[in-house]
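Visitor: I would like to learn how to read a structure like this one, feature by feature. Could you walk me through it?

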Amino acid sequence: MNLPVAVTRIMHALWPKSLASQLILLLLAAIFAAQALSILIFHDERRIALVAAARDNLLARSVSVAELLEDTPPGLQDRILEASSSRFAVFWLGDTPLAPAPGKSGFEKRLQGYMSSRLQHGQAVHLNILADEKRGPKARRERDGTQDEASWRSVPKRERPHNLRKIMNKPEDLSLSIRMTDGRWLNVATSYRPPPGAYIPLLVQLGITSVLTVLIIGFAVRRVTRPLKTLSASAEKFGRGEELEPLDPSGPREVRALTSSFNDMQDRLTRFVKDRTRMLAAISHDLRTPITSLRIRAEFIDDDENREKMIETLDEMAAMTEATLRFAKDEAHAEGAEETDLGAMLESLAGDQQDLGHVCSVTLDHPIKLSCRPIALKRALRNLIENGIRYGGNVAIDAGTQDGEITIQVSDTGPGIPEDRLNDVFEPFVRLEESRSEETGGIGLGLAISRSIIHAHGGTITLQNGEDAGLVAEVKLPTR
């Protein structure tokens, strides 16, 4: 398995399945991406603004210190310089300028002109900005071919402050020299470092936003998904043939409209099925009288052979009518669903056949509980078992759960069914035994009734020939 396929499978396995979880995850991802992009865009702008503000403040302070030193006796000048210095900037007087020449860039020239205009005596100002505000000192050195150490190494050691090298090796460094009236130079070396990014407030803000998003989206999605879950469960029960009360429309307008449509569909289908069932029951009931009348008349036929064939045909019609009438009555009085022990049901059915002298065994992996209409399901399984005994003699029943479904297999040892006729036997009144004798082949409604009941429970039924011999009827029912 290559890496992209493995990653895709892992992502598919980790991806949430519910609508609420997917929406919350997507919104949180959007919030984190937006915050990260904002930090990436505006963090550098914040640093540039802080550096510019600190530089302007330092230049203004340098002008003030230069004016103050002009009016201060030499004995007090060192105290003023010491008080003006900090760990990011150092002031000292010396014979050698820290910035040996005026700055050449247009920005440096503007700053030098501005400072000269602020000084009362119009002293010369040398200003070198040794770092690019946006990209740091390396970019400036590459652009101008300057070296940070060149300016301060030109200052004699006896004039250097003890922390000059440390300051000038930091980013955002600036060299400033102001010519005093006595010929000395007021040197200012600075390396301003912006404070570290305030990530904690951003993280707190991000956390609060995420929590509020989860709560709000969770509430909104729950308002949508709760009626949808109810609708899904009702549709599942209705598909099994259970009688349901109309659902109470709730949630957003679209969900309420969907619920109302489901109620209308349920009402129409229920009325349609009941009308057809009543009509089928009425037809089957009404056929009893003419069939009975014809059978009585057939008794008076002199030809024995014709009389026996006619009576046999009429008896078959009567059996079909009775079976259809029983099926219609059962459907018209559909029972409610209840929790049922499937193992006990199968054991009971197998016991009935064993009492009649037939071989019928049951194998159950573990106890299985099933919500179903027990009488109807029992009738469907009985038809399968009796069909297997009628044509195969011995029947084995295996039941278990697999992939969230209940699987029931009814296997016999009979001759099986031609592959091209496996689906035909589910049609009403279709029989593979051509004698049309009820003793050898029934009337052809058993498998049709079983399929109808299994489908009403939301399941499926299939037939397949065994590997060696016999027929296997496999029923799959949902566990819910």
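This is a predicted model: local features need pLDDT of at least 70, side-chain atom pairs count only at pLDDT 80 or more; totals for chains, interfaces and linings use all residues.

Visitor: How many bridges join strand S5 to S7, and in which sense do they run?

Guide: The general idea comes first: strands of a sheet pair through backbone hydrogen bonds, in a parallel or an antiparallel way. Here, S5 (residues 338-341) and S7 run antiparallel and are joined by four bridges. Within this pair, Glu339 stands opposite Ser371 in S7.

Visitor: And which residues of strand S7 lie on its covered face, and which on the uncovered one?

Guide: Again, the general idea: side chains alternate between the two faces of the sheet in a regular strand. In S7 (residues 369-372), Leu370 and Cys372 make up the covered face, while Lys369 and Ser371 are on the uncovered one.

Visitor: Back to salt bridges, then. How many are there by this rule?

Guide: The count is three, where the rule asks for a side-chain nitrogen of Lys or Arg within 4 Å of a carboxyl oxygen of Asp or Glu. One of them joins Glu305 and Lys309, whose closest N and O atoms are 3.4 Å apart. Both residues sit in helix H10 (residues 304-332), four residues apart, which is about one turn of the helix. Glu305 is exposed at 51% relative accessible area, whereas Lys309, at 49%, counts as partly exposed.

Visitor: What about the salt bridge of Asp182 and Arg184?

Guide: Their side chains meet at 3.0 Å, N to O. Asp182 is partly exposed at 48% relative accessibility, and Arg184 is partly exposed too, with 27%.

Visitor: While we are at helix H10, how far apart are Met317 and Ile291 in sequence and in space?

Guide: Met317, which is found in helix H10, is 26 residues from Ile291 in sequence, and their C-alpha atoms are 7.5 Å apart. Met317 has a relative accessible area of 37%, so it is partly exposed.

Visitor: Now the sheets. In what order do the strands of the four-stranded one come?

Guide: The order is S1-S4-S3-S2, in an open sheet with antiparallel pairing. Strand S1 (89-94) and strand S2 (125-129) are the edge strands, each pairing on one side only. From one strand to the next, the twist averages 10°. Strand S3 (residues 173-179) and strand S4 (residues 185-191) run antiparallel and are joined by seven bridges, and Leu176 stands opposite Val188 in S4. Helix H3 (residues 74-84) packs on this sheet, where it touches S1 and S4, and its direction makes about 160° with that of S1. Helix H4 (residues 106-118) lies across S2 and S3, at about 145° to S2.

Visitor: And which strands stand at the edges of the five-stranded sheet?

Guide: That open sheet has the order S6-S8-S9-S11-S10 and mixed pairing. Strand S6 (359-364) and strand S10 (460-465) are at the edges; each has a single partner strand, so one side of each is left without a neighbour in the sheet. Neighbouring strands are turned by 15° against each other on average, direction ignored. Eight bridges pair strand S8 (residues 394-402) with strand S9 (residues 405-412) in the antiparallel sense, with Gly400 opposite Thr407 in S9. Helix H14 (residues 446-456) lies across S10 and strand S11 (471-478), running at about 135° to S10.

Note on methods: Residues are numbered from 1 along each chain as its sequence is written. Side-chain values use heavy atoms; hydrogens and water are left out. Buried means under 20% relative accessible area, exposed over 50%, partly exposed in between (1.4 Å probe, protein chains only). Helices (H or I, at least four residues) and strands (E, at least two) are DSSP runs, numbered from the N terminus. Two strands pair if DSSP finds at least two bridges between them. Axes are lines fitted to C-alpha atoms, for helices over the stretch in contact, and angles run from 0 to 180 degrees between N-to-C directions. Contact means heavy atoms within 4.5 Å.
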